[in-house]
Amino acid sequence: MRTFTLVNGNGEEYSITSKESFFHDPKGLGYGRSNTYRQIGNRWVLVKTLPTQNSITGSLLLLGASPYDQYNQFLEFCGGESLVLKYQTTNIIYSRDVILSKVEKTEIDKDWHGLDLDLTFTCMSLWTRTLTTTNKQSVQKVFWPIVWPITWGQNSPMSMTVQSTSHQNSPSLLTINGPFSDPSWRHYVNGVLYETGAVHCTIPEGAMLLVDNRFGDESMKVVTTDGTLIQDVYPLSDFSTKRFINIQYGANTIIVQSASANFVTVKLEVKITYESV
């Protein structure tokens, strides 16, 4: 059974697939594309293609003991701000940023004593599925002394691999725990070097570097474990590299290395992006 759940800005959840609040007849779960073509003779060449912003519509049945109170509680929950719509069909949860842009209210039905609301959600993102992976924790057969910096291969203790089934660019959050100095990283797609990144900074013990492009903005900062900012290191990043990691279709391997002779925990959180699910 598929389920829908809304999440507001406070992190609170509101199920719209329950006995008292049931979202039915949804439309707009597919996708559309905006294509630009150039004509060459009697043929056309695709120049540019982009996903289009669409809306998800449907009806919400409010069937509680007091549907009018339910209606007010629903509006209070949504709060006129951005929401996350969670959609689950099997054991996988997909999420999409939406805005509740329209609510059409009826009166309570005399036969089944409920309210039927027509809702329109304007989509502010594509569908995403969050995957998280960390590097290998054990180091075996390391022979000392080692001359640093050393270039690790794709099966190194400082590597992570993510499989993506999406053909969309999928943004990510790379976390590197300290102590670590002058980190750099390489991103391979199906065994081929795709992009690199680096930043000239020191991550002290008990802190971590966050390299984040998941929400449209790009940021690179060193923070404590509770999120307190230590330093914005974006200006210290290597602008000759791509810097931020965009996961591609297939096997994506991220290798982190440094001039410092130590192994630390690194983590990659990816928002695998889909046009339709």
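This talk walks through the strands, the salt bridges and a few single residues of one predicted model.

Let's start with strand β17. It covers residues 207-215. Is this strand enclosed or open to the outside? Eight of its nine residues are buried, so the rest of the structure largely encloses β17. Buried here means under 20% relative accessible area.

Now look at the partners of β17. On strand β12, find residues 172-177. Five bridges join β12 to β17, and the two run antiparallel. To see one of these pairings, pick L173: its bridge partner in β17 is D212. Then go to strand β18, residues 217-224. Seven bridges join β17 to β18, again antiparallel. Take A207 as an example. Its bridge partner in β18 is T224.

What lies between β17 and β18 in their hairpin? One residue separates the strands. In this hairpin, G216 takes a positive phi near 95°.

Keep β17 on screen, please. R214 belongs to this strand. What does R214 meet? Its side chain forms a salt bridge with the side chain of E269, at 2.7 Å from N to O. R214 has a relative accessible area of 17%, so it counts as buried. There is a third member here. D212, R214 and E269 are linked in a network of salt bridges.

A word on the background. Side chains of opposite charge can pair when their charged atoms come close.

How many salt bridges are there in total? The count comes to five. One of them joins E13 and K86, with the closest N and O atoms 2.9 Å apart. E13 lies in strand β2 and K86 in strand β7, so this pair ties together parts that are 73 residues apart in sequence. K86 is partly exposed, at 25% relative accessible area. Another salt bridge joins the side chains of K102 and E104, at 3.0 Å from N to O. K102 is partly exposed at 44%. E104 is partly exposed too, with a relative accessible area of 38%.

Next, a sheet. Four strands form an open sheet in the order β11-β20-β14-β15, with antiparallel pairing. Which strands are at the edges? They are β11, residues 159-164, and β15, residues 192-198, and each pairs on one side only. From one strand to the next, the twist averages 20°. Six bridges join β11 to β20, which covers residues 250-257. Within that pairing, S159 stands opposite I255.

Stay in β20 and find N252. Is N252 buried or exposed? Its relative accessibility is 0%, so it counts as buried. A polar contact of 2.9 Å joins it to the side chain of H187. A polar atom of the N252 side chain also lies 2.7 Å from the backbone oxygen of Q248.

Move on to the loop between β20 and β21. S258 is there. With a relative accessible area of 7%, S258 is buried. Its side chain reaches the backbone oxygen of S181 at 2.5 Å.

Now for some backbone details. Where is the cis peptide bond? It joins G178 and P179, with omega at about 5°. P179 is in the loop between β12 and β13. Two residues other than glycine also have a positive phi. D25 has phi near 55°, and this residue is in strand β3. N190 has phi near 50°, and it lies in the loop between β14 and β15.

Finally, the surface. Which residues make the nonpolar patch of about 380 Å²? They are Y37, W44 and L46. W44 is in strand β5, residues 43-51. At 55% relative accessibility, W44 counts as exposed, because the cut-off for exposed is over 50%.

To wrap up, go back to where we began. Strand β17 is largely enclosed. It pairs with β12 and with β18. Thanks, everyone.

Methods: Residues are numbered from 1 along each chain as its sequence is written. This is a predicted model: local features need pLDDT of at least 70, side-chain atom pairs count only at pLDDT 80 or more; totals for chains, interfaces and linings use all residues. Side-chain values use heavy atoms; hydrogens and water are left out. Buried means under 20% relative accessible area, exposed over 50%, partly exposed in between (1.4 Å probe, protein chains only). Two strands pair if DSSP finds at least two bridges between them. Axes are lines fitted to C-alpha atoms, for helices over the stretch in contact, and angles run from 0 to 180 degrees between N-to-C directions. Patches are made of residues with over 30% relative accessible area and no salt bridge: like charges are joined within 9 Å, nonpolar side chains (Val, Leu, Ile, Met, Phe, Trp, Tyr) within 5 Å. Accessible areas come from the Shrake-Rupley method with a 1.4 Å probe; for residues, only the protein chains shown count as cover. A salt bridge is a side-chain nitrogen of Lys or Arg within 4 Å of a carboxyl oxygen of Asp or Glu. A polar contact is a pair of N or O atoms within 3.5 Å; within protein, one must be able to donate a hydrogen and the other to accept it, and residues adjacent in sequence count only if both atoms are side-chain atoms.
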